[in-house]
Amino acid sequence: MASIQLLEKLNEAIARELQVSVQYMWQHVMAKGAYGYTVRDIFKKIAIQEMKHAEDIAERLGYLGGAPTTRPTPIEVGKSAREMVQLNKQAEEEAIVLYREIISIAEHEKDTVTAALFTDILAAEEEHHNTFSSLLAE
Ligand SMILES: [Fe+2]
Ligand SMILES: [Fe+2]
């Protein structure tokens with residue numbers, strides 16, 4: 001049986017995935033200027049991946065007996081395209097910290113399927129972090 005702590009962490013993860021899927025998609029709509037033009041399609045592509053993460057984690061949580069939250073953590077779209085990328089890099093860093101923690105809790109509870117799921121998602125978040133970091137490089 002999954003612990004309450006693990007179920008709560010999965011819901012924290014879902015709230016974050018909902019946040020960034022909306023955040024990145026609205027940035028795709030709102031990004032302006034020459035720099036915005038170069039990043040808007042990247043925002044859309046990653047937004048769709050984040051929604052898929054929300055789905056995968058919600059399915060896992062449902063299987064473990066929890067109910068997925070519908071409430072995202074606070075969405076920060078940002079003003080300039082560069083500020084958007086900075087916000088997203090920060091969001092990915094926070095996701096990486098949380099997902100490493102979830103993997104360690106899941107391993108401790110011998111829940112290898114949840115650990116494997118978050119290992120895959122963590123790899124995607126590191127890739128997103130790398131994308132946003134590279135976009136900020138001079
Ligand atoms: Fe994600
Ligand atoms: Fe991400």
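Predicted model: local features only at pLDDT ≥ 70, side-chain atom pairs only at ≥ 80, totals over all residues.
Colleague: Which residue bridges the iron ion (ligand 2) and the iron ion (ligand 1)?

Modeller: Glu-50 bridges these two ions, which lie 3.8 Å apart. Glu-50 belongs to helix H2 (residues 33-63) and His-128 to helix H4 (residues 112-136), so this pair ties together parts 78 residues apart in sequence. Both Glu-50 and His-128 are buried.

Colleague: Why is the pair of Tyr-24 and Phe-132 called edge-to-face?

Modeller: A pair of aromatic rings is described by the distance of the centres and the angle of the planes. Ring centres must lie within 6.5 Å, and planes over 60 degrees apart count as edge-to-face. For Tyr-24 and Phe-132 the centres are 5.4 Å apart and the planes stand at 70°, so the pair is edge-to-face. Tyr-24 in helix H1 and Phe-132 in helix H4 are 108 residues apart, and their pair links distant parts of the chain. Tyr-24 and Phe-132 are both buried.

Colleague: What is the geometry of the pair formed by Tyr-99 and Phe-118?

Modeller: This aromatic pair is edge-to-face, with 5.2 Å from centre to centre and 75° between the planes. Tyr-99 lies in helix H3 (residues 81-108) and Phe-118 in helix H4, 19 residues apart.

Colleague: Why do Tyr-99 and Phe-118 count as buried?

Modeller: Buried means under 20% relative accessible area. Tyr-99 has a relative accessible area of 0%, so it is buried. Phe-118 is also at 0% relative accessibility and therefore counts as buried.

Colleague: How many aromatic pairs does a search of the whole structure find, and which residues do ring pairs link into a cluster?

Modeller: The search finds three aromatic pairs. Ring pairs link Tyr-24, Phe-43 and Phe-132 into a cluster.

Colleague: Why does Met-30 count as partly exposed?

Modeller: Partly exposed lies between the buried limit, under 20%, and the exposed limit, over 50%. Met-30 has 45% relative accessibility and therefore counts as partly exposed. Met-30 is placed in helix H1 (residues 4-30). Together with Trp-26 and Val-29, Met-30 makes a nonpolar surface patch of about 320 Å².

Terms used:
Residues numbered from 1 in each chain as written. Chains lettered and ligands numbered in written order. Heavy atoms only, no water. Donors = N, O, S within 2.8 Å, 3.2 Å for Na, K, Ca; no water. Helix = DSSP H or I, 4+ residues; strand = E, 2+ residues; numbered from the N terminus. Buried < 20%, exposed > 50% of the residue type's maximum accessible area, 1.4 Å probe, protein only. Patch = residues over 30% accessible without salt bridge, like charges linked within 9 Å, V, L, I, M, F, W, Y side chains within 5 Å. Areas by Shrake-Rupley, 256 points an atom, 1.4 Å probe, with all protein chains shown as cover. Salt bridge = Lys/Arg side-chain N within 4 Å of Asp/Glu carboxyl O. Phe/Tyr/Trp six-rings, centres within 6.5 Å; stacked < 30°, edge-to-face > 60°.
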